[in-house]
Every structure is written in structure tokens, then in C-alpha cells.
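The sequence and the model should be kept in view while reading.

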Amino acid sequence: MLKVKNINTYYGKVHALKNVSIHLSPKEIVALIGANGAGKTTILNTLSGVTPMQSGSIDFAGESVGALSPDRIVKSGISQVPEGRQVFKGMTVAENLELGAYLRFTAREPKELIRKDIVKIYQLFPRLEERKKQMAGTLSGGEQQMLAIGRALMAKPKLLLLDEPSMGLAPLVVQEIFAVIERLRSDEGVTVLLVEQNAKAALKMADRGYVLETGKIILEGNAADLLENPEVQRAYLGKEKKDIWER
Amino acid sequence: MELSDQIAQYLVSGLSTGAIYALIGIGFAIIYNSTEIINFAQGELVMLGGMFTIFYLNTLHLPLPLAILLAVASTTAAGLIFERLTIRPLKSPTPLALIIITIGGSILIRGITMMIGGKDTHALPAFSGSEPILIGSATILPQHLWIFALTAVAITLNKLFFQYTITGKAMRACAVNRRAAGLVGIDVKKMVFFSFAISSSLGALAGIIVAPLTMTSYDVGIMLGLKGFCAAIIGGLSGGVGTVLGGLLLGVLESLGAGLISSGYKDAIAFIILLLILFLRPQGLFTKAQTERV
């Protein structure tokens, strides 16, 4: 469904992504793990067209999307839930969700359809319905994350890019959000590319994973295998070398 | 005339100039909210509104309503050309550079207007006569009523646009979080363009409806622009009620100060208020301190 081949992205002179290639099959959940500054967010932003790549190719659902502007990419079916939620804080929850469907409004899609989808989001996250008239900035961190996911879903994406959805949230809330992500895949058939520092939780949910280090993919494989991989355990799962050897 | 009668009179004229300041101030706020630029050419757009009307009326001999409509359209076009030529081409602009550009642009617009239209002061006829109407002990000119009515209509339409249309909401979204707006597929540059269109037409309207009372010439934009800026600052650069109240407050204080103390202090009052606000309540008079959870 998504085929990223040898992309290179630069921030000024900094070579942030070096020949990165990843692929996702339909309805897959794929985790992208790596340390701070490894380039995880850059991959998502390159996919979203925010930081365009210098070379390489991105094919999505049989269409080349590598050179498209962010709005065209959203239209083609890729939505990003950015790091730090980035909800529209001075606007209400309902307005945030409507704006998620901005391109559907401008494409003159019937408003009832959009309204029905907002109701669906409220079913997915009942807490958002309770607070639909509230300003997004007054929500708790977990609720803002739900809103950010709901907003991205309003564009009816086939591929959802999630950037650090667990950041700064209590473990119970993280569980709740991850459960919703799994439901999205099974009920709606959404494909998910998940960037996480919480590597353990991400790999437990994902089918496959990629490990990114200083702009390069250094490992890829089944999520279960990656969880068992000593190198991954030492670097990203917080286990000491000693623990791994003594087992 | 009794003192209370005088005060009533000052209030009427203060509120009507205040309404003008509010319209100009909202123009500042709309552009600031979508670009973080203080567009110091806003005052020149106000001036252009009046001058274009004079041109269509006196040189082309068009009827007044048509002249007004054309003047609003021409000023809006001028504002959009200004955005295309100055703001849009910059790759990674800093706010300071942008502000300096708008100051440069304002000098240019003023210069061109002076070269083409001359340095004369022009009077626009009042929209419906100048027979004063007596309300209580104060007299009010029909033009004052036009100012109140048109300002109220413009501000209401503006409010409805930003509150209820998807384009209006998208423009607010750009103001709140540009990056996220881009990620949901909003074309941020288009929204900046729209914000220039709206604030140019509001500015033009302000310049036109005030011209019958205060006359217009190539250089009225400086003072009107600065007063509108004061209104926006008092209102915390909100595109809504805050700036309207800011404008009315400024107009009334100015008018009372000029009448009761000395008319020489009229402009000084506005700037003293501006400085006090900036020193003591930079977030604006009516803005509550923001409470946000991260």
C-alpha cells in the first residue's frame, strides 16, 4: 500500500534521512522506533509533504505522492497525528473535528456525511462528546490526544501516521488510546504507521517494526522478533547487557 | 450649553470616531492573527478607500453608491496586490522584516497617491444630507448614523464569517496553529491572502464612511492607521469584541479629552493610552490571562 524507496531528506545541510526505505501492507500496524533525533518524525513529515524529500520515491495506493503538497497528500488518504497533539487550542472540540474534514467541505461533500462521521468519532471517544463545546486547550493531555486522532480520522484516511501518541500520558490512558488504534485497524481497515519512544508498548501492538538510528534504518522485522532482539532490548527497552546475558 | 449636554455631544462624536477605529483595528487583528505581522500599511488602505471614492465620484462622475462599491473593490485589489508583491515572495520571513516591509509599502502607497491625486484635501458629500438630528440635548449628524450602522453590519458579518463558515474556521485554525492547519490540508498561504482581502475591504469601508466628516487626503492614513492600531492593542489584537470595545473606548476618551481638557491633546491621548496598555496590560484590556493545559 505504501512503498517508500531510498528517500533522502535534508534540514538545510543536515542529512536527516539517509536512503530510508519502508513499506506497509494494507491493514498493517507498523512501529517505527529509535532514539531522539533519529529521524522518526522526519519520516512522517516527509510522508506528509511538510519537509519534502531531496531524492527517492513514495508510492501510495499506486500513486506517486512524493512531490505533492500537504493538502494533496491528505486528499490522497494519508493523515498525520502530529507530535504533541497540536490541536487548535482556542477552538472548540467540535470545531477541531470539523476542520479535520476541511478538504471534504471544500470538495463539497454533503454535510450530513461529515456530521455522521463526527458522531462516529464521538462513539470512538465518548469523552470528546461530553466536551464538544469546550475549548480544546482546556482538555487533559489524553483527551487532546484523542481529539488529535479524531481530527485526523475526519479526513477519512487510509493510512494514519501517529507521532508519539503516548508522550506524556498516564499508562492507563496510553492503553485506552492503543486499544482504539487496534479497533481502527480491525473495524475500519485503517493502516497505521506508529512512531514511538515507548518501544515496548509500540512493538507489542504492531505487526512489524523498523529501528531507526541517525537517519538510517538499521533493523526491520516482525514486531515479536524485534522485542526479543538483544540489540533492541539493550538500546530501546532499557534492559542492561548483564540482564540479557544472564538469562 | 450645560456641561452634561457637552459631554453627551462628546460621547456621540467619540463613539462614531471610535467605530471607525474599531473597523481599522479589526483589519490589523485579522492580518496579525493569520500571519503574525502588524501590517502598518493598513492605514494607507483606509486612505485609499476615501481617495478612490473621490476619484470615482469627482473624476468619473459616478453616483455615490457605485463609487463607494468600486472604491472598496479597488482598495481590496490594492491590498491583494500588496500581499502578492511584498509578503508572498519571501521564503522564510522574520516578523521584523515583514513589519519593515509593510512600513516601506505604506510610504510607497502614500507617495504614489500623492503623485497621482495631488496634495489637496477632498471632502466627500455626506451620504444622506447634513441636517443635524436632535437627540436629547445632543445633536447627531446623519453621517454618524451611517457610521454606526455600517460598522455594526460589517462587524457582524465578519463575526458570522469567522464563527460559522468553514473558510472562516480554517482561517482561525491557521492563527491558532499553522503547522496543524497545514496537516489537515488547509492551504495556509491562501488563508493569508483571504485575510488581506477582508482587512483591506474593512479598511476601505472605514476610510469611506469617515471621509464626509473629516475630509480625506493622501496622508490621512498615518494617523487613522495608528489609531486603529491602538484600538487593536487595547483589544488584545482580537478580531472581535475586544477590538470593537477598544476602538469605542479610544474614540470616547479622545473626544472627552479634546473637549474637556484641550483639543491640542487629542492625538496625544491615544498614544498615552497605547503606551499604558503596552506597559501595564500587554495582553489587552479585555483578555483574560490564558489558562491552558498542555
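Within what distance do the axes of helix H1 (residues 3-35) of chain B and helix H8 (residues 188-214) of chain B come, and at what angle do they cross? The two axes come within 9 Å and cross at roughly 170°. H1(B) is therefore roughly antiparallel to H8(B), a term for angles over 145 degrees. Axes here are lines fitted to C-alpha atoms, for helices over the stretch in contact, and angles run from 0 to 180 degrees between N-to-C directions. Helices (H or I, at least four residues) and strands (E, at least two) are DSSP runs, numbered from the N terminus.

This is a predicted model, in which local features need pLDDT of at least 70, side-chain atom pairs count only at pLDDT 80 or more, and totals for chains, interfaces and linings use all residues. Residues are numbered from 1 along each chain as its sequence is written, while chains are lettered from A and ligands numbered from 1 in the order in which they are written.

**The helix pair in chain B**

Two residues are in contact if their C-beta atoms, placed from the backbone, lie within 7 Å. Residues of H1(B) that make the contact include Ile20(B), Leu23(B) and Ile24(B); from H8(B), Met191(B), Val192(B) and Phe196(B) are among them. The residues of this contact divide into 14 nonpolar, 6 polar and no charged. In this division Ala, Val, Leu, Ile, Met, Phe, Trp, Tyr, Cys and Pro count as nonpolar, Asp, Glu, Lys and Arg as charged, and the others, Gly among them, as polar.

**Chain A as a whole**

Chain A has 12 helices and 10 strands. Its C-alpha trace spans about 60 × 40 × 35 Å along the principal axes. A compact globule of 247 residues would have a radius of gyration near 18 Å, and the 18 Å of chain A agrees with this. The radius is taken over C-alpha atoms, and the globule rule is 2.2 Å times the number of residues to the power 0.38. Of the 247 residues, 45% count as buried. A residue is buried if 20 or more other C-beta atoms, placed from the backbone, lie within 10 Å of its own. Among contacts between residues at least 6 apart in sequence, 66% join residues at least 24 apart.

**Strands of chain A**

Two strands pair if DSSP finds at least two bridges between them.

| Strand pair | Sense | Bridges |
|---|---|---|
| S3(A) and S8(A) | parallel | 5 bridges |
| S7(A) and S8(A) | parallel | 5 bridges |
| S6(A) and S7(A) | parallel | 4 bridges |
| S4(A) and S5(A) | antiparallel | 2 bridges |

Strand S8 (residues 191-196) of chain A is mostly covered, with 6 of its 6 residues buried. In a regular strand the side chains alternate between the two faces of the sheet. On one side of S8(A) lie Thr191(A), Leu193(A) and Val195(A), and on the other Val192(A), Leu194(A) and Glu196(A). Glu196(A) stands opposite Ile33(A), and Leu193(A) is the bridge partner of Leu161(A).

Strand S6 (residues 78-81) of chain A is also covered on both faces: Ile78(A) and Gln80(A) are buried on one side, Ser79(A) and Val81(A) on the other. Ser79(A) stands opposite Leu160(A) in S7(A).

An open sheet of 4 strands has the order S2-S1-S4-S5 (chain A), with antiparallel pairing. Its edge strands, S2 (14-24) and S5 (63-64) of chain A, each pair on one side only. In S5(A), Ser64(A) is the bridge partner of Asp59(A). Helix H1 (residues 40-47) of chain A lies across S1 (2-11), S2 and S4 of chain A, running at about 70° to S2(A).

The loop between S8 and helix H9 (199-205) of chain A holds Asn198(A), which counts as buried because it has 21 C-beta neighbours inside 10 Å.

**Where the chains meet**

How many residues does the contact take from each chain? It takes 26 residues from chain A and 17 residues from chain B. H6(B) gives the most to the side of chain B that touches chain A, with 6 residues. That side divides into 8 nonpolar, 3 polar and 6 charged residues.

Helix H3 (residues 93-100) of chain A is largely enclosed by the rest of the structure, because 7 of its 8 residues are buried. The buried residues of H3(A) pack against H4 (102-106), H5 (111-124), H6 (126-130) and H7 (141-153) of chain A together with H6 of chain B.

Technical notes:
Buried ≥ 20, exposed ≤ 12 C-beta atoms within 10 Å, placed from the backbone. Parallel < 35°, antiparallel > 145°, perpendicular 65-115°, else oblique.
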